[in-house]
Amino acid sequence: MPGASPTRVIRVTGNGSADLVIVANRLPVDRVQNDDGTAGWRRSPGGLVSALEPVMRANDGAWIGWPGSNDTDLVPFVEDGLQLVPVALSEREIIDFYEGFANGTLWPLYHDVVAKPEFHREWWDAYVAVNQRFANRAAEIASRGATVWVQDYQMQLVPRMLRELRPDLRIGFYLHIPFPPTELFQQLPWRRQVLEGLLGADLVGFQLGGAAQNFVRLVRQRVGHKTHRDTVYLPDGRTVVARAFPISIDTKSFQKLAQSEAVEARAKEIRSALGDPAKVFLGIDRLDYTKGIYARLRAFSELIRDGVLSVDDAIFVQVATPSRERVEQYRILRDDIDRLVGRINGDLGKIGQPAISYLHSSYPREEMAALYRAADIMVVTPYRDGMNLVAKEYVACRYGNDGALVLSEFAGAADELRQAWLVNPYDINGMKAALRDAYDADEKELTRRMRAMRRTVLDNDVSHWATRFLQELAATRPDHGKTVRPARRS
Ligand code: GDG
């Protein structure tokens, strides 16, 4: 590929032992310090791991990823029965590949350019080199004819690189974030390489149907392949299918956690620590400029300023989990939110009664569930979001069919959670009206909406998502048998 840094490509023939290989930027474990001072691993709590765990166990599965720090020993290891294969990143690669191309170029570009994407050739070179390293590793450990499932925007070149090394594999790719409309994607100087990278997969999965259509249209327009609906016909006889697989959560386990006595007791404690207000609003997000935190806090504060709500009756709890703290745009956002919260509480709060309780911290899963239980109105207002699992987690925890969800129409979750109060996060007055409606809604209205949303989230959980994807991948046809024109050159 043009611009690629020199990197070792190894050709292997399928001597590995894993029948299912997950390739993701991060391993599903975090480095922790044991009580005796030695270093150990702890499983990260994500739904992806719990969804894939049973299939991985049944298929001699292995997970390839970066362990998150550089001081670790890079030999494959087994943690809690899962085979984990660490891949190293140098300090320079963390800057150029992870903070740079992944989070400074692709992340803003794929989220409607909410922030301005930066294009740097050295970032791209690092992206190519790191993707090649992950592809090499997958090629080494996959057994003959194995299934490899590549995850997310950090790894878009892996499918093609892997197919070149191991044409015997069945390769799937899933994008967790939105795939941008043609007009925005065109800005990317390496647009063709990214499309060709993805076309190495047999099945390319997206959160929504619109994203899959954007991808197929771009492949037709920019690469010149024949397409029909969700299928791309490649000149070498292969077929690539692009389809929507909306991701979900481990609904039952969230509900069970929410029903536990400890969580119920903690939820009560939280409400009383907040001064037992009539209604608690809640936002939980990674501190990210796509999540619309600033706009939602402004909307809430204006309702207090206008006298529609009062700090005697309402409080907004905003949890912002630290994220990508070395990337400049994230540091700026943190300062902006700090200032806004300070100003709102300074202007509108009373002694012992702030308008906003702001927590820049991350919490264990139990505390998250207690927060969901403590909140009357969950406010999820991203400018653009692939899905948004927080919205689904809130619904999973409301087993009494109570609680209101205010949800951005630009979150993937809005496609399924139609009974939420849907808002346009760019429209502050519209958000104010929705927050107020949700605040005023009677029990009957809340129950009607929540019951319908709970049915959706219970029927479509993360294991349903993983099973559907893997079944479709297993069913993809290897060869289309059609004569099609070669791809365009530019
Ligand atoms: C990307 C896409 C897509 C957050 N703070 C804490 C914590 N969390 C957990 C939440 C939730 C997850 O992190 C966040 O998931 P989201 O979906 O809301 O957002 P992204 O991180 O941006 O995820 C997104 C997702 O991938 C999956 O495909 O839905 O659109 O952007 O599960 O609960 N968990 C704990 N402590 C925290 O402080 N334990």
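Residues are numbered from 1 along each chain as its sequence is written, and side-chain values use heavy atoms, with hydrogens and water left out. Because the model is predicted, local features need pLDDT of at least 70 and side-chain atom pairs count only at pLDDT 80 or more, whereas totals for chains, interfaces and linings use all residues.

The ligand is surrounded by 20 residues, a residue being near a molecule if one of its heavy atoms lies within 4 Å of it. The closest of these are H176, Y363, D385, L389 and E393. A ligand oxygen lies 2.7 Å from a side-chain N or O atom of H176, and a ligand oxygen is 3.2 Å from a side-chain N or O atom of Q207. At L389, a polar backbone atom lies 2.7 Å from an oxygen atom of the ligand. On its own the ligand has 730 Å² of accessible area, of which the protein covers 82%; such areas come from the Shrake-Rupley method with a 1.4 Å probe. Two or more residues of the shell are given by each of α12 (365–374) and α13 (389–397), where helices are DSSP runs (H or I, at least four residues) and strands likewise (E, at least two), numbered from the N terminus. By class, the shell holds 9 nonpolar, 6 polar and 5 charged residues; Ala, Val, Leu, Ile, Met, Phe, Trp, Tyr, Cys and Pro count as nonpolar, Asp, Glu, Lys and Arg as charged, and the others, Gly among them, as polar.

Spaces were located on a 1 Å grid over the protein atoms alone: in a cavity a 1.4 Å probe fits but cannot get out, while a pocket is an open set with protein on both sides within 12 Å along at least five of seven lines, and lining residues have an atom within 4 Å of a point. The count comes to 1 cavity of 30 Å³ or more. The largest cavity has a volume of about 30 Å³, and its lining comprises I270, L274, V280, L282, V317, L371, A374 and A375. This lining divides into 8 nonpolar, no polar and no charged residues, with at least two supplied by each of β13 (279–286) and α12.

The second largest pocket has a volume of about 310 Å³. Of its 13 lining residues, R160, H225, L234, D236 and R238 lie nearest the centre. Helices α4 (158–165) and α6 (191–198) each give two or more residues to this lining, the largest share, 3 residues, coming from α4. The lining has 4 nonpolar, 2 polar and 7 charged residues.

Aromatic pairs (rings of Phe, Tyr and Trp, the last by its six-membered ring, with centres within 6.5 Å) number 29. The rings of F101 and Y127 have centres 4.6 Å apart and planes at 45°, so this pair is tilted, planes under 30 degrees apart counting as stacked, over 60 as edge-to-face and the rest as tilted. The pair links distant parts of the chain, with F101 in helix α2 (residues 91–110) and Y127 in helix α3 (residues 121–141), 26 residues apart.

Definitions and conventions: Polar contact = N/O pair within 3.5 Å; in protein donor to acceptor, adjacent residues only side chain to side chain. Points joined across faces, edges and corners; volume = space filled by probe spheres on them.
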